[in-house]
Amino acid sequence: MPEGDTVWQSARRLHSALADKVLTRSDLRVPKYATADLTGRRVLDVTPRGKHLLTRIEGGLTLHSHLRMDGSWKVYAESQRWTGGPTHQIRAILANADRTAVGYRLPVLELLRTTDEHKAVGHLGPDLLGLDWNPEAALANLLQDPARPLGEALLDQRNLAGIGNVYKSELCFLLGATPWLPIGALPADRAAQLPALAKKLLEINRDRPVRSTTGRRGQDLFVYGRAPRPCLRCHTSIRVADQGDGSRERPTYWCPTCQTGPAPSPHRRAPSGTHPRTSRRTTN
C-alpha cells in the first residue's frame, strides 16, 4: 500500500535511473497525452511530495503521477523482462540508454508546466519527508476541527502529507487513542507528540524493504492487518471496522484495551491468520 515512505522510495529509484539523462523513449498511455513526445529531453529530477511523484523534465515540464492503492513505477535494465503486470496496465514508459521506467496502473498521470505544479500538489499540508516539513503547522492543521475523528484527520493530506491507512492505524495505537476519538479530545501531551512520532515512523521506514512500526522481526505492525490476532502488548484480540475519510470507507484496526475512546461495533474483514499486504514492499 503506497504511503509517504513507499512513494519516497519510488522517487529515489526513478531519480537514480532517469535524472540527468536524455529520454530515448516516452510513451504516455492516457488519451489526453497520447501524442505527447518527451524524447530528446533531459530528466532533471524526480521529487516526492506526500503521496505524489513529480518528474521534472527540461523545457519546463513536469510529469505528475499518483499511485493511490495499486499503482507502481518499475525500473528495468535494457535487457530485463518487464514484470509489473500485463501490457494493458501500462500507463507510462520513460526510457534512456540505460534504464526504462514503466508506470503500471497509475490512476493519476498528467503532464503539467512545472510552474503549474501547485495545481496538483498545492493543497497538501507539510510533507513528513519533505524539506517543507513544519510540525507546528501540521499540528495546527490537525486541530482546526477538534470534533473530527483522529483517524480521518490523519488521512487528510491537507493537514499533513504522507500518512495512509497503515500509518493511521499504527499512529493511533502508539498514541493510545482509537481512530474515532475526536482529535480535540486527544490529551495535549499526546497531541504535541503526534507530528514528531509520525515523522519518525516514516523516516525509519523510507530505507526499509519491509515496513515496521514495532521493531520486532516477523511482527512488523502493532494492529494493522492483525485482526483478530492478539495485541502484541496486552493480548486482547485486535478489532477491525470501516472508517470514512471523506471519500471512502477504509478498514481500520485498533486494540480495545490499549486504545481509549469511541469505536463502532467491530466486524471481521479477513479470516484468522490472514491480513492485507501492508509491510512488505516492492523495491525494484
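The model is predicted: local features need pLDDT of at least 70, side-chain atom pairs count only at pLDDT 80 or more, and totals for chains, interfaces and linings use all residues. Residues are numbered from 1 along each chain as its sequence is written, and side-chain values use heavy atoms, leaving out hydrogens and water.

**Overall build**
- The chain holds six helices and ten strands, taken as DSSP runs (helices H or I, at least four residues; strands E, at least two) numbered from the N terminus.
- Its C-alpha trace spans about 60 × 40 × 30 Å along the principal axes.
- Of the contacts (heavy atoms within 4.5 Å) with a separation of 6 or more, 63% are between residues 24 or more positions apart.

**Burial and charge**
- Of the 284 residues, 52% count as buried, meaning under 20% relative accessible area with a 1.4 Å probe, protein chains only.
- The chain has 41 positive side chains (Lys and Arg) and 27 negative ones (Asp and Glu), with His and the chain ends not counted.
- The centres of the two charge sets lie 6 Å apart, each charge being placed at NZ of Lys, CZ of Arg, CG of Asp or CD of Glu.

**Threonine 178**
- Threonine 178 sits in the loop between helix H5 (165–175) and helix H6 (188–205).
- Threonine 178 counts as buried because its relative accessibility is 1%.
- Leaving aside residues up to four places away in sequence, threonine 178 touches Leu150, Trp254, Gln259, Thr260, Gly261 and Pro262.

Definitions and conventions: Buried < 20%, exposed > 50% of the residue type's maximum accessible area, 1.4 Å probe, protein only.
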